[in-house]
Amino acid sequence: MTTASGTLYIIAAPSGAGKTSLVRALLAADPVLALSVSYTTRPMRPGEQDGVHYHFVSKERFLAMRDAGEFLEHAEVFGNFYGTSRSWLEAQVKAGKETILEIDWQGAQQVRKAIPGTVGVFILPPSRPALVERLRGRGQDSEEVIARRAREAVTEMSHHADFDYLIVNDTFDQALAELKVIVVSQRLLHSRQAARYHNLLHDLLA
């Protein structure tokens, strides 16, 4: 939801496109932005922290939260569940905070239906071989899992047209610069600037 002081961003991409690295770099460069920490049933990866990268929960707890209506959106990806806290995100939106949701296209569709005005960004790899190479570079998955993720990536990428912006992550620094431009452009929208500079406009036009 776009407000006078903030925007809700959805950033999606196929596995291996570099989405998480780009989002982390964007957050480090722009302290105004906040990350929505999703709930997931997938195992914690090396270097991840509970409550920082995800809220890691059991499948039983996740399903109980889902059935209680605690998620604004939820999806099953590669056999694991992911969900966004409804109460936390609605509080962010109400307060006009600039928030990033790092979710898949299924979750993006659910959020955009619930919160009109959400800004969607989809990140593509420069090629399919590059995507596979990045998946291998993680050193976390078997060849079987990598092959499955590569196949699923085609389905995920087919939903690129559901988003407002499209970035090809060929060169990391260039892709990050383009993400920053999107954020700045949203802040400079007339509706937001007019609200922010209401007193200045009043004085200039008096």
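1. Strands S5 and S6 (residues 80–85) are antiparallel partners, joined over six bridges. Strands here are DSSP runs of E with at least two residues, helices are runs of H or I with at least four, and both are numbered from the N terminus. Two strands pair if DSSP finds at least two bridges between them. Look for Ala-75, which stands opposite Tyr-82 in S6.

2. A word on what you're looking at: this is a predicted model, where local features need pLDDT of at least 70 and side-chain atom pairs count only at pLDDT 80 or more, while totals for chains, interfaces and linings use all residues. Residues are numbered from 1 along each chain as its sequence is written, and side-chain values use heavy atoms, with hydrogens and water left out.

3. Back to the sheet: four strands form an open sheet in the order S4-S3-S6-S5, with mixed pairing. Strand S4 (55–56) and strand S5 (71–77) are at the edges with a single partner strand each, so one side of each has no neighbour in the sheet. Helix H3 (residues 86–94) lies across S5 and S6, at about 40° to S6.

4. Now strand S1 (residues 8–12): five of its five residues are buried, so S1 is largely enclosed by the rest of the structure. Buried means under 20% relative accessible area, exposed over 50%, and partly exposed in between (1.4 Å probe, protein chains only). In a regular strand the side chains alternate between the two faces of the sheet. Both faces of S1 are covered, with Leu-8, Ile-10 and Ala-12 on one side and Tyr-9 and Ile-11 on the other.

5. Who are the partners of S1? S1 pairs with strand S7 (residues 99–102) in the parallel sense over four bridges, and Ile-11 stands opposite Glu-102 in S7. S1 also runs parallel to strand S8 (residues 119–124), again with four bridges, and there Tyr-9 stands opposite Val-119.

6. Helix H1 (residues 19–29) and helix H7 (residues 172–187) have axes that come within 10 Å and cross at roughly 55°. Axes are lines fitted to C-alpha atoms, for helices over the stretch in contact, with angles from 0 to 180 degrees between N-to-C directions. Contact means heavy atoms within 4.5 Å. The residues in contact include Leu-22 and Leu-26 of H1 and Leu-176 and Leu-179 of H7.

7. Last, Asp-173 sits in helix H7. Asp-173 is exposed, with a relative accessible area of 57%.
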